Amino acid sequence: MSAETAPLNTNLTAPKRRPDSPWRMAIRRFSKNRLAVIGLFILIFMFLLCFIGPLFSPYSMYDYSVADKNLPPSSKYWLGTDKLGRDILLRMMLAGQISLTVGLVATAIAVLIGATLGALAGFYRRWVDTVIMRLADIFMALPTLPILIILGAVLSDLKVNPDDRIYFLMLIIGVLGWSGISRLVRGQILTLREQEFMQATEALGLRDRRKIFRHLLPNTIPIVIVSATLFVAGAIISESALSYLGIGVVPPTPSWGNMISAANSLIDFRKRPWMWIPPGTCILITVVAINLIGDGLRDALDPKMKK
């Protein structure tokens, strides 16, 4: 056979580009959202400031100096001092550790309870769905802040150790906030359980536990991430409000809320703004940054969005 009549080699084709995974596409969409990226950088900065910044401070949490009390910002005390002569900058960073930790742990508790109950309600339906959703309705109908105030007052009356109050606060905020997440997960599970891959699990005879925790719940991760991100902001605000009222994290343990409440007189409010503006600004910046990230994640993880 001559070279002119030889058939062309059809195997010499250009390599096909592998399709992007859904997570890679979501990261690409998130990176194109400038406000979300700015919020992410701000949140990372706040974490580094609060958890690493105190290591470089020349002062200690227990350093008191009556001679240096109520000093304005200077080269020695960058953000001034409080009524006991303590460095505001150091206390603001330590307070950030408490507030951010409370927000993250409370969110983890709410997600754990909400995702589990929502998955059970959506998978088993019938009376299980009815009982769990009615319980979720009860928790959603409860006025969260008044209940938190009452429970905080109870902890004060019981004279709970200030260090232990933080753990109770995380648990209370998390337990009161699971209902919204459970409804979202339930809705996703109701849709997913009718998909073809679930019919395959039925044919394979997999146990219900494996179906729920290995095949259904992982597919609800995007909506859980978005909901959890926004819940962190709400938990930080709740903790700050309770600490401001004196029934959350109590001194000497610092938090952004009780630092603001330290400026409890008109003189402090008007003439010593360095006592309350820094922690208030931290709350504002952190909550706004988390909300920006939540909005960006919602758009990035939405399957209806284009590449």
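**Salt bridges, notebook**

I looked up Asp-129 and found that it forms a salt bridge with Arg-186, with the closest N and O atoms 2.7 Å apart. This pair links distant parts of the chain: Asp-129 sits in helix H4 (residues 126–141) and Arg-186 in helix H7 (residues 179–192), 57 residues apart. I took a salt bridge as a side-chain nitrogen of Lys or Arg within 4 Å of a carboxyl oxygen of Asp or Glu. Helices (H or I, at least four residues) are DSSP runs, numbered from the N terminus.

The model is predicted: local features need pLDDT of at least 70, side-chain atom pairs count only at pLDDT 80 or more, and totals for chains, interfaces and linings use all residues. Residues are numbered from 1 along each chain as its sequence is written, and side-chain values use heavy atoms, with hydrogens and water left out.

Next I checked accessibility for the pair. Asp-129 counts as buried at 12% relative accessibility, whereas Arg-186 is partly exposed, at 22% relative accessible area. Buried means under 20% relative accessible area, exposed over 50%, and partly exposed in between (1.4 Å probe, protein chains only).

I then turned to Asp-82. Asp-82 forms a salt bridge with Arg-86, the closest N and O atoms being 2.8 Å apart. Asp-82 also forms a salt bridge with Arg-91, where the closest N and O atoms are 3.8 Å apart. I noted Asp-82, Arg-86 and Arg-91 as linked in a network of salt bridges.

Arg-86 is buried at 12% relative accessibility, and Arg-91 is buried at 7% relative accessible area.

Last, I searched the whole structure, and the search finds six salt bridges.

Methods: Helix = DSSP H or I, 4+ residues; strand = E, 2+ residues; numbered from the N terminus.
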